[in-house]
Amino acid sequence: MATKTELRQRIKALRDAMTSQQVAEKSAGIEARVLDLAQIKQARSVFVYVSVGNEVQTHGLIEHLLQRGKVVAAPLVVRPGVMEPHQIDSLDDLAPGRFNIPEPTTGRRYDAAIDVCIVPGVAFTEQGDRLGKSGGYFDRFLAVHSSTVSIGLCYEAQLIEALPTDADDRPVQIIVTDSRVIRA
């Protein structure tokens with residue numbers, strides 16, 4: 001089995017080879033599937049990553065969640081390895097932060113229960129195992145917020161048979177791709 005580093009390089013290369021039109025089209029399909037999930041419809045609050053590059057785009061998803069009256073929180077890195085959810089009211093509440101990833105500028109940490117966490121990933125298995133960017137931010141967050149429904153977003157090409165996992169790795173419960181929804 002390939003190492004995590006090798007898998008990250010291989011899958012990122014596939015993802016980065018996609019055109020902006022492919023990213024937009026596939027992300028729109030993923031967004032529609034996410035918004036149709038019962039867990040999203042029933043959620044009061046959603047913690048969602050802010051996409052960069054060729055990741056599954058979340059800007060439209062964030063706007064739709066806000067339009068539906070959901071409390072939306074985005075990650076703010078407060079120290080190496082640790083992020084907090086901060087409430088946003090629009091995409092204008094974001095500015096480039098650590099790693100040049102847009103982060104909330106509101107200063108409004110969201111301390112209430114989070115119903116759904118939308119998680120990025122470099123790769124996923126159908127069993128819910130997830131390969132992140134290697135910082136462990138979402139793994140640590142999910143370990144503390146174990147009652148939160150976790151939903152991973154990825155393109156179908158990012159699904160792999162198996163990946164190496166560590167004791168600290170946290171799987172997701174649902175994976176949404178550009179062609180289906182998988183309940184892990």
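Which residues does Gln158 touch, not counting residues up to four places away in sequence? Select Ile11, Arg15, Gly121, Val122, Ala123 and Phe124 to see them; contact here means heavy atoms within 4.5 Å.

Before moving on, note that this is a predicted model, in which local features need pLDDT of at least 70 and side-chain atom pairs count only at pLDDT 80 or more, while totals for chains, interfaces and linings use all residues. Residues are numbered from 1 along each chain as its sequence is written, and side-chain values use heavy atoms, with hydrogens and water left out.

**Stop 1: around Gln158.** Gln158 sits in the loop between β9 (149-153) and β10 (174-176); helices (H or I, at least four residues) and strands (E, at least two) are DSSP runs, numbered from the N terminus. At 3% relative accessibility Gln158 is buried, a word that means under 20% relative accessible area with a 1.4 Å probe, protein chains only. Gln158 also lines the largest cavity, together with Arg15, Tyr49, Glu55, Val56, Pro120, Gly121 and Leu153. The volume of that cavity is about 40 Å³. A cavity is a set of points on a 1 Å grid over the protein atoms alone where a 1.4 Å probe fits but cannot get out, and lining residues have an atom within 4 Å of a point; a volume is the space filled by probe spheres set on the points, which are joined across faces, edges and corners.

**Stop 2: the core.** Now select Ile40, Ile118 and Leu153, which touch the most other members of the 46-residue largest nonpolar core. Such a core joins buried Ala, Val, Leu, Ile, Met, Phe, Trp, Tyr and Cys residues through side-chain atoms within 4.5 Å. Strand β2 (residues 71-79) gives the largest share of this core, five residues. A second, separate core of seven residues includes Leu7, Ile11, Val122 and Leu131.

Stop 3: Go to Gly81, in the loop between β2 and β3 (82-88). Gly81 is buried, at 10% relative accessible area, and among its contacts beyond four places in sequence are Gly135 and Tyr137. Both Gly135 and Tyr137 are among the residues nearest the centre of the largest pocket, which has 38 lining residues. That pocket holds about 800 Å³; a pocket is an open set with protein on both sides within 12 Å along at least five of seven lines. Finish at the second largest pocket, about 240 Å³, where Val82, Met83, Phe141, Val144 and His145 are closest to the centre.

Methods
Buried means under 20% relative accessible area, exposed over 50%, partly exposed in between (1.4 Å probe, protein chains only).
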